[in-house]
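Subject: Structure handover

Hello,

Please find the structure below. My notes on one helix and on the disulfides follow it.

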Amino acid sequence: MKPITPKKIGQWLKRIGLGFLSLIALFVSFTIKLPRPVSAQGDVPRFEPSACPVGVPAGAKVDCGYLIVPQDRQQPEGRTIRMAVAILKSRSQNPATDPLVFLAGGPGASALASLGWWLGSPLLDHRDIILLEQRGTHYADPWLDCPEIDAALRDNFGRVEAPGKEVAYVVQAAIQCRDRLVGKGVNLAAYNSAEIASDVEDLRRVRGYDKWNLYGISNGTRLALTVMRDHPAGIRSVVLDSVFPPQSDGYIERLPDFDQALRAVFAACAANPRCRAAYPDLERVFYDVVKRMNARPVSISIHVFPYHLQLTGDDLIAGMHRALYDPSLISFMPLLIYQVHDGNHDVLVPLADESLSFLTGMSRGMLYSVECHDEMPFNDPRILETTVKAYARLGNYLSDDTQAALAICNIWGAGQAGHIETEPVRSDIPTLILSGQHDPITPPRLGELAAETLNHSFVFEFPGQAHGVINDSPCPISMTIAFLNDPTTAPDAGCMSQMRSLTFVTQDNLYVTPAAYRLNTELLRMRDPLHFGVLGFCLLFFLVEVLLLPGNLYRQIRKRSGPTAQKAGLARGLAAATAALNLAFLVGLALAVRDTASANWLMLAFGLPAKAAPLLIIPPLTTVLTIGLLLFAVLAWRRRYWTVVGRVHYSLLTLAALAFIWFLSYWSLLRL
């Protein structure tokens, strides 16, 4: 055994002292929280790369991931939430270093759902575009979806109930959705404009951008203004498209703005000689139709959802409010009103489809969290009631929606914003403000209102446009590009002089038929494999008959003449004529649809070009010929015109022709 020397004892003491110091350091590390890098694994906020949650076209350069932040910033150690982010890489070889961030509207709309549109935007030629899925929307976790409310809205749209019952039905559905979301740990008070604005700022920091530009549309402009107010340092410029500033009382102003937009359309039609001649006294006719439909609801079947609807005049008003968002739809409004007045209710189908898709296209839980926190507290219920009475001719559509929102906000649990959420945003950040002349929900006056406290803003109202002007015309896009390239000066507005006011579709250039719309929504989109299979069976035999025609004629000429041979020849000729006409009809219809879609795709929702009307003479003609085919098929078996194989072939062709008649009838193609 080695002796213990003083030197050895000193080494032990030194080690014990170092160990003791290490324990002290470890204790301190657990009790004192030092600043840590934002990007450290497990910390928030952070960005995690991932595959894109939406489809990306081949060849597109898109990086995706998730922004992870606390659900409630007052409890940073609590639950975290994830929001999908898509970074669309610029087509430029030398893009600007400041990207453009798109803020979707709603509230509750999905930003990533518009990825395909942004990939085709000229804005991508200059800089990257970032799509941030706001907290609570479709590609975020959690998703504040409310299928209970969607179902209630669809049911209310399709049935006739007392107004109070419809409101109660939606409120009950909202209670169910609220309880389900809260049960999953969702803090409904943490989903509002200020929190989302902080999410935007967190994304900028974790991605390392010094400066970037914001593009907000509709309620996304409210969010952009909130970011300008709360986190101005990282913003180079802002584009506000269809502005909804916080000082606007959205619920109180909704009916007056809608009424003004409707009146503007009626006035535009009266000022247009063609529209005035085709649809005189349009405003009176519209309200006559509303009154009649409220007294006797109209039955239709729609195709987005498998529903049979009972539409009232209030439902028609709801559809018109939605139509006013889109100048292409506005062009058809006089035609639609007069068609319904004259008893053609088929034209309501595409409008009902669009309205229902719009109603159920938002994350309703997200919508109510934001609206109940930021907007509803500053809309006086007494003024709301007075406004509803003042615009009674617009029926119960918007008043029911407002009453439902009031009742839901009382039970939703979203909390209430401070007074700052109803005050104007004041900023020196360069801002481009875009408004559409016919916008029914964020009219141009709101753009002017926002500009009053934005010291470096440029305001433009685009003729003939409505909600979301960048979607409908190249002029706002070119002006936006110019502004982003140099936010310090107003963009050249020369292209605005080339923009036309509203144009209206009349029956001079449209043959009204539901056939094209039904084919597009159900058959051409492969929603009904059975009908597609029937059509394929018919086309096969028609094509075979046309190809066999020369040989059949040759064999028929070689046969000796006689009554039986003549009847057999007539049968063959009838078969060939029926097959050729049916093929010609389908080819002609396909060409008409193609040409219409390239010129004005929306026309297919209501009919075909007037020049295509003669094409629809063919189906009734081939129906008569098919009856003859059936008679000859019976004779062929009784008189044994051909071999068994020939008779079977002829019978199958007859069956195909009969199936084609059923097909034509089902798809409304037998109507003249």
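Which residues of helix 18 are buried? They are C475, P476, I477, M479, T480, I481, F483 and L484, where buried means under 20% relative accessible area, exposed over 50%, and partly exposed in between (1.4 Å probe, protein chains only).

Before the rest, some background. This is a predicted model, in which local features need pLDDT of at least 70 and side-chain atom pairs count only at pLDDT 80 or more, while totals for chains, interfaces and linings use all residues. Residues are numbered from 1 along each chain as its sequence is written, and side-chain values use heavy atoms, with hydrogens and water left out. Helices (H or I, at least four residues) and strands (E, at least two) are DSSP runs, numbered from the N terminus.

Helix 18 covers residues 474–485. Among the elements covering its buried residues are strand 4 (96–103) and strand 12 (457–462).

The disulfide count is five, a disulfide being a pair of cysteine sulfur atoms within 2.5 Å. C475 has a relative accessible area of 4% and is buried, whereas C495, at 25%, counts as partly exposed.

Another disulfide joins C372 to C409, with S to S 2.1 Å. Its torsion is about -80 degrees, so this disulfide is left-handed. C372 lies in helix 14 (residues 364–375) and C409 in helix 16 (residues 397–412), so the pair ties together parts 37 residues apart in sequence.

Regards

Definitions and conventions
The expected span of a helix is 1.5 Å times one less than its number of residues. Contact means heavy atoms within 4.5 Å.
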